[in-house]
Amino acid sequence: MRVVKELSNQNRIVYERTCGMVSKVQKEAAYVIKFVLFGMEKCVVNNRAISIFPDSFTVLNVETDHYRVIDSATPVDSLSLYLDANFVTDLNKTFFLDQEQLLDGVELKSTPHFIETLYPLTVDLKCNINHLKHQLLEGIDNEALFNEYLHHCLWGYYKVSHQEITEKFQSLDFLKAKTKKEVFRRLLLAKEFLNSNSDKEVILEDVANYCCLSVNHLLRTFKSAYGVSPHQYLIQLRLNRAKLLLKTTRYPLSEILCLVGFENASSFVRLFKANVGTTPLKYRKALVQHYFFASYK
Amino acid sequence: MRKLTTTHLYVKVSSLVNAITFFSEQLNLQVKHTSLRHFSGAVALYDATTSIFLSEKTYPGQTTEIWLNTHDCLEQYCRLKSNGVWFKAQPHYMSAGLLAEFVDADGNSYFILERRNYQD
């Protein structure tokens, strides 16, 4: 299933639901924001393979080489937003300039440039893309509404980018700006590796090799930027993914364990209980009861 | 099972005729004249549980700030805007969710709130 909505300002929304797909290298004359609503999609961006899960999204600049691979037993839901350069430039100005500068007609020196990595999906972005998908599948023909959703999605990206890039970059303590920039770039690679491989066994040396940092340097700088060690980050990521699967699917616990990358049930249940305060099955049961009663509201 | 709660909001307007036109034509709400022992005016049905009581008279509990819940703030914002409703600002994010604010001819403020759970 593929639904495409082209807007008169060159913005485009593409919703796809498929089990298998390999798309060729595309060079889009637009900025792209890619979301996966259910399942997992592999995306190769500038020769880097990243896996997009429903708790994350990625962005691509104009003319970025990329191709996509979907290979799943259950259908994967994905939503791609193709944003025209003028649309992005306008919002870029409102994000970075204050009202006075906008009124004075101040222009930003450079064109918008997205940092192509994985970003966490925030509640606001999730709500907005779910509404967008709903209106798209309903066949609503309201350009102003779709542009409003796109505006809020792009704004959501800028907010996440500010938190994940600008603030984390500032939290690093280096004397030389060039070193700081390079180390941060490598930390982004490390985080990307953890996000993309959380369903597999991850060894710290592999992460360090991938991002070209020594294990000690990686441990120290990762904690300094993100406040947790790579291992703690990975555990939290797996637990959050398990929570999402418990909430949105009827998969048995054994299958969820494999999908999120835990090796044995006892360590999963122990960590889940320590983190969420209840066992996975009780968590799922409570959610079922919550939604049952919510439907009677 | 949870108890069904209904919300009654009382709003004072300078002209009931104009208010009925605004609520029915611009907000697309069902409005009917009501004359009860304790209330005389019109009632606009916002949703199954929320009614807005409009009157030219003064009643206790009348408010100038009306909070309405919605499941999709942006959809409602665009729909009302295309009907000519004037919004004070673009929808913006608050700790409770996404909010849009518009006013009627009497200066009453209406807040459309899409509640979002940021704790999850």
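Which hand does the crossing of H5(A) and H6(A) have? The crossing is right-handed. A crossing counts as right-handed if the near helix is turned clockwise from the far one by less than a right angle, and as left-handed if anticlockwise.

## Basis of the model

This is a predicted model: local features need pLDDT of at least 70, side-chain atom pairs count only at pLDDT 80 or more, and totals for chains, interfaces and linings use all residues. Residues are numbered from 1 along each chain as its sequence is written, while chains are lettered from A and ligands numbered from 1 in the order in which they are written.

## Chain A overall

Chain A has eleven helices and eight strands. Both are DSSP runs numbered from the N terminus: helices are H or I with at least four residues, strands are E with at least two. Along the principal axes, the C-alpha atoms fill a box of roughly 60 × 55 × 40 Å.

## H5(A) against H6(A)

Helix H5 (residues 177–196) of chain A pairs with helix H6 (residues 204–211) of chain A. Their axes come within 8 Å and cross at roughly 135°. Axes are lines fitted to C-alpha atoms, for helices over the stretch in contact; angles run from 0 to 180 degrees between N-to-C directions. H5(A) and H6(A) are therefore oblique to each other. Angles under 35 degrees count as roughly parallel, over 145 as roughly antiparallel, 65 to 115 as roughly perpendicular and the rest as oblique.

From H5(A), Arg186(A), Leu187(A), Leu189(A), Ala190(A), Phe193(A) and Leu194(A) meet Val207(A), Tyr210(A) and Cys211(A) of H6(A). Contact means that C-beta atoms, placed from the backbone, lie within 7 Å. The contact holds eight nonpolar, no polar and one charged residue. Ala, Val, Leu, Ile, Met, Phe, Trp, Tyr, Cys and Pro count as nonpolar; Asp, Glu, Lys and Arg as charged; the others, Gly among them, as polar.

## H8(A) and its partners

The axes of H5(A) and H8(A) come within 10 Å and cross at roughly 35°. This crossing is right-handed. Ala190(A), Leu194(A) and Asn195(A) of H5(A) meet Pro230(A), Tyr233(A), Leu234(A) and Leu237(A) of H8(A). Six residues are nonpolar, one is polar and none is charged.

Helix H8 (residues 230–248) and helix H9 (residues 253–260) of chain A have axes that come within 9 Å and cross at roughly 140°. That makes H8(A) oblique to H9(A). H8(A) passes H9(A) in a right-handed crossing. Arg238(A), Arg241(A), Ala242(A), Leu245(A) and Leu246(A) of H8(A) touch Ile256(A), Leu259(A) and Val260(A) of H9(A). Here the count is six nonpolar, no polar and two charged.

## Chain B and the interface

Chain B has two helices and eight strands, in the order β-α-β-β-β-β-α-β-β-β along the sequence. Its C-alpha trace spans about 45 × 40 × 20 Å along the principal axes.

At the interface, 14 residues of chain A contact eleven of chain B. On the chain A side, helix H3 (123–137) and helix H4 (143–171) are the elements that give two or more residues. That side has seven nonpolar, four polar and three charged residues.

Technical notes
Two residues are in contact if their C-beta atoms, placed from the backbone, lie within 7 Å.
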